[in-house]
Amino acid sequence: MSDILIVDDEKDIRELISEILTDEGYSTRSSSNSADCLNQVSNAPPDLLILDIWLKDSGMDGIDILKKVKIDYPQVPVVIISGHGNIEIAVSAIKQGAYDFIEKPFNLEQLLVVVRRAMETSSLRQENKKLKQKDMVDFELKGESSIFRNLMSNLDKVSRANSRVLISGSSGSGKETAARYIHSNSKQAVGDFVLINCSTFDEEDLERTLFGFENHDGIQQVGALEKAEGGTIYLDEISELPMDLQGKLLKVLVDNRLNRLGSDKKVDVNLRFISGTNTDLLQKIDDKKFREDLFHRLSVVPIKIPNLSDRIDDIPVLAKYFVGKLSSINGLAYREFSDEALTFLQGLKWPGNIRQLKNIIERVLILGNPSEQISSDELIIPEVKLQDNDDSIDSISPELTNMSLREAREAFERNYLLLQINRFGGNISKTATFVEMERSALHRKLKSLGINSGQKI
C-alpha cells in the first residue's frame, strides 16, 4: 500500500516530490487543480494526499479540498504544503483535519519523515477498517426450538410489511441479526441497510451522523437517514437517543423529510425504520427519559428476541453453525463437537447470549487442537458458569453433566471422601469426625463406593 496523490499547481514541485517518493518505493500520481484532484480521489481514494494550500486557476483552495476530503474520505491522511506558510495557516489546517503541515521550501528528510508517519497512520486505518468489516460479517438466525420457530414466523410476517419495528432483547441476543433478516426479506432489500448505534456517539456527533450537514461554503455531508433512502435504517440502542434528537427524529417520522444541520432546505426521505433496545422503554417513558409519542411511532410492530438460556435446545445447532462459519472466516480447521461438549454447553449460563457463545467457539477454534474433537474440558472458561438456581455454584465437573443423579451423587461422594481421607493422612477416625459420620457408617460408605480405607489420592 503506497498510493500517494500529490496536488500542486507548480509542475516542478509535483515532479520533485514524485521523484523523491518514487525513489523511496512509493507509488505516486499528481494533479494541478481542485476539480481533477477531487475526481481522482472519488475514483480511487489514495493512501495519502499531499496538498498545496494555494492552487492557481482552481475552483477551490487546499483548505476547501481538505474539508471536502475529510468529510467524504476521513480515512485518507492529508499533508498540507505551502510556500506562504505561517502559524495561522498551519493551525487552521490541523484544525480542519490535516495530518501535518510542511512549509516550502521543504527539507527532504522532514518530508520523508512526515510521509512515513502518515503512511503508517493510513495503514493502521485500513487495517482497522478490514477488522471492522470482518467483525460485521453477517450471521444467520439458527435454531429448531418452538420458541425459535415462533420468532421466525413473526419476522417473516413483519418482513412482508412496511411497518416500523421495535426489536427488544438482551445484549448479544441477536437483535441486529433479526433487523438484517427483516431488511433482506423485505422490498427495502433493494436499498442499503444502514446501522447507527445511538450509544456510541455524543449528542452533536450523533445529530450530524443522522441528519448530515451543510456549511456556508456549500460543503455537504449526507447523513445516515439519507443514505438509507429506499432501504432500512436500524437505530440500535434507541433508548440512548438524547431528548432533543428524539423530537427531531419524531418530526422526520411524521413528515418523511428532514433538514441537514446548517440548512433550511427540506430533504424528502423514504425509508424503513427498525429500532433496537435492551432496556425497558416504558420505564424510560415513566422516568421522563423517552418520549411516549416517539415510542408509539417506532413500535408499530414489537418483536421480542428470547435469551439463549430460554432456548437451550438450539445451542447444539448454533454451536455447530458457528464452528462452520468461524472456521471458514478465520481460515481455521473445522472441528466436530463431542456429545459431552454439546451437553455441557446446554448446562451453561449465557448472560452474553448468542454473542457469548460465538466468542467461546471462536476462542476454542483458535486455541484448540485442530485434529481433535471439541471436548467439554476446552469449554471450561472462567467467565462461563453453569445454569443453577444458586448463584454461589459457579462450576462443576463436565463429566457430571452426562450422568444420572445417582451416578453423579456417587461420583461426588467418592471424590469428596477420598479428598478428606487424604487431608487427614488416611486417619479414618479424624475423617469420620470431620464429615460428621459414625466410624462404622463411614467404613460401610467407603465399601459401597469401592474405596479401600487405606486408599489415598
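This is a predicted model: local features need pLDDT of at least 70, side-chain atom pairs count only at pLDDT 80 or more; totals for chains, interfaces and linings use all residues.
1. Residues are numbered from 1 along each chain as its sequence is written, and side-chain values use heavy atoms, with hydrogens and water left out.

2. Now the overall numbers. Of the 457 residues in the protein, 42% are buried, meaning under 20% relative accessible area, while exposed means over 50% and partly exposed is in between (1.4 Å probe, protein chains only). The accessible surface is about 23900 Å², and carbon and sulfur atoms hold 47% of that; these areas come from the Shrake-Rupley method with a 1.4 Å probe, and for residues only the protein chains shown count as cover. Take the contacts (heavy atoms within 4.5 Å) with a separation of 6 or more: 70% of them are between residues 24 or more positions apart.

3. Have a look at the open sheet of five strands, in the order 7-10-13-6-14 with parallel pairing. Two strands pair if DSSP finds at least two bridges between them. Strand 7 (193-197) and strand 14 (301-304) are at the edges and have a single partner strand each, so one side of each has no neighbour in the sheet. On average, neighbouring strands here are turned by 20° against each other, direction ignored.

4. Zooming in on one pair, strand 6 (residues 165-168) and strand 13 (residues 272-277) run parallel and are joined by four bridges. Val165 has Ile274 of strand 13 as its bridge partner.

5. What packs on this sheet? Helix 6 (residues 146-160) does, touching strand 6, strand 13 and strand 14, and its direction makes about 155° with that of strand 14. Helix 7 (residues 175-184) packs there too, touching strands 6, 7, 10 and 13, at about 155° to the direction of strand 6. For these angles, axes are lines fitted to C-alpha atoms, for helices over the stretch in contact, and angles run from 0 to 180 degrees between N-to-C directions.

6. Most residues other than glycine have a negative phi. Glu237, however, has phi near 50°; Glu237 is in the loop between strand 10 and helix 10 (243-255) and counts as buried at 11% relative accessibility. Glu436 has a positive phi too, about 60°. Glu436 is in the loop between helix 17 (428-435) and helix 18 (439-448), and at 72% relative accessibility it counts as exposed.

Note on methods:
Helices (H or I, at least four residues) and strands (E, at least two) are DSSP runs, numbered from the N terminus.
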